[in-house]
Amino acid sequence: MPPAPQAHSSADLVEVNGLVKRYDGVAALDGVDLHIRAGEIVGLLGRNGAGKTTLLECVLGLRTPDAGTVRIQKSDANKGGEAVRVGAQLQTAGLQDHLTPREALTLFAGFYEQPAKPDALLRRFGLEEKANAKFATLSTGQKQRLFLALALVNRPQVLVLDEPTAGLDPVSRRDLHAVILEARVAGCAVLLSTHYGEEAETLCDRVAILDQGRILKMDTPSALRGPVGTVVTIASDPAPAVEIFQGLPEVAGVEPQPGGCAVRTSDPVPVLAAVTRWAEARAAQVTDARVRPRSLEDIVVELTGRPWETGTGEGM
Ligand code: ATP
């Protein structure tokens, strides 16, 4: 069931209502409602083609919706309602090959009245050593960091990020998480898309699970996970019969997997005990047993009912 329309709050900086975007008659967005408050990070999580980029582009005014509205509030109506500053980093971003990070940041800073200092951004994004290197010679991660730095030149109050950490090494990813969290502390409204459930959990106050242009569910990560928040995965020879978990009141579902199964439960102990009893009785060999929190990726799979198209084990 689609989520109920959100109540309007005066602190909402971004308001998206009933957004529809069609490409060749096919709806990439099919009635999206989304409000983001100042100081809030909202994540979009979904499979390839779910409509995440289209939604971000509509919010930025880069695409004209077929129906619905996008409204970015004026900053302070009492001061004449100045336009809110918006920063963006998109997957399609590019720069001329010969531009250096310092030149690009200085160029962008020239567009604005009170820009952040290019040197401070070079330092913050670990680009000092590459400050004078040509864009074409930067690594993927360095380019990604430069684009995020460029998105912050205008000291934005609304920040729109399309897969900001795609292709980054774990340390750089953590650094960028810190930058995004700093933006939240500064009162920024952040809308980001990601394929990483863990990233959405780490960063986002609320996560919208998008599929085929619709928000299937939107809530805090812990509310999305719900009370049955643990998954026990078992690998054994032979694989355990699903029936051994039947009757355990803590178990919400069992999914057979190659060579084993995954059990959703509120308490892993009775599940592990059942596996132990069964393995001893059958002389089965348990090769792996893991207990982990239910991830947002699990929830996307459950809600969309289809396996991932790409599965690195790390993201979607
Ligand atoms: P990904 O995770 O792969 O980046 P996404 O969730 O960002 O995907 P979108 O890029 O918004 O998804 O695409 C949503 C749907 O709209 C897809 O079916 C895509 O093929 C289609 N689409 C996107 N841009 C265009 C376009 N310019 N012309 C036609 N169809 C498009």
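Me: What kind of model is it, and how are residues numbered?
Reply: This is a predicted model, in which local features need pLDDT of at least 70 and side-chain atom pairs count only at pLDDT 80 or more, while totals for chains, interfaces and linings use all residues. Residues are numbered from 1 along each chain as its sequence is written, and side-chain values use heavy atoms, with hydrogens and water left out.

Me: What is the mean pLDDT of the protein?
Reply: The mean pLDDT is 88, and 91% of the residues reach 70 or more; pLDDT is the predictor's confidence in each residue, from 0 to 100. Over residues 1-8 the pLDDT is below 50, and this stretch has 15 contacts in the model beyond near neighbours in sequence, a contact meaning heavy atoms within 4.5 Å. Residues 308-316 also have pLDDT below 50, with 20 contacts beyond near neighbours in sequence. Where pLDDT is low, the predicted coordinates should not be read in detail.

Me: How many helices and strands are there?
Reply: The protein has 9 helices and 13 strands, which are DSSP runs numbered from the N terminus, helices being H or I with at least four residues and strands being E with at least two. Its C-alpha atoms fill a box of roughly 75 × 45 × 40 Å along the principal axes. Of the 316 residues, 46% are buried, where buried means under 20% relative accessible area, exposed means over 50%, and partly exposed lies in between (1.4 Å probe, protein chains only). Among contacts between residues at least 6 apart in sequence, 69% join residues at least 24 apart.

Me: On to the ligand: which residues are closest?
Reply: The ligand is surrounded by 14 residues, of which the closest are Gly49, Lys52, Thr53, Thr54 and His195; a residue is counted as near if one of its heavy atoms lies within 4 Å. Helix H1 (residues 52-59) gives the most to this shell, with 3 residues.

Me: Which side chains have polar atoms by the ligand oxygens, and how far off?
Reply: For Thr54, an N or O atom of the side chain is 2.5 Å from an oxygen atom of the ligand. A polar side-chain atom of Thr53 lies 2.8 Å from a ligand oxygen, and for His195 the distance from a polar side-chain atom to a ligand oxygen is 2.8 Å. Taken alone the ligand exposes 640 Å², and the protein buries 61% of that, with areas from the Shrake-Rupley method and a 1.4 Å probe.

Me: Switching topic: which peptide bond is cis?
Reply: The bond from Asp237 to Pro238 is cis, with omega near 0°, and Pro238 sits in the loop between strand S10 (230-237) and strand S11 (251-257). Most residues other than glycine have a negative phi, and most peptide bonds are trans.

Me: And where is phi positive in a residue other than glycine?
Reply: Gln212 has a phi near 50°, and its place is in the loop between strand S8 (206-211) and strand S9 (214-219). Ala283 also has a positive phi, of about 50°, and lies in the loop between helix H8 (268-282) and strand S13 (285-293).

Me: Is Ala283 buried or exposed?
Reply: Ala283 counts as exposed because its relative accessible area is 69%, and Gln212 is exposed as well, at 53%.

Me: What does Asp298 touch?
Reply: Asp298, in helix H9 (residues 296-304), touches Val231, Arg292 and Pro293, not counting residues up to four places away in sequence. Its side chain makes a polar contact with the side chain of Arg292 at 2.7 Å; such a contact is a pair of N or O atoms within 3.5 Å, and within protein one must be able to donate a hydrogen and the other to accept it, while residues adjacent in sequence count only if both atoms are side-chain atoms.

Me: Why does Asp298 count as buried?
Reply: Asp298 counts as buried because its relative accessibility is 17%. Other buried residues in H9 include Leu296, Ile299 and Val300, and just after H9, Gly305 takes a positive phi of about 65°.
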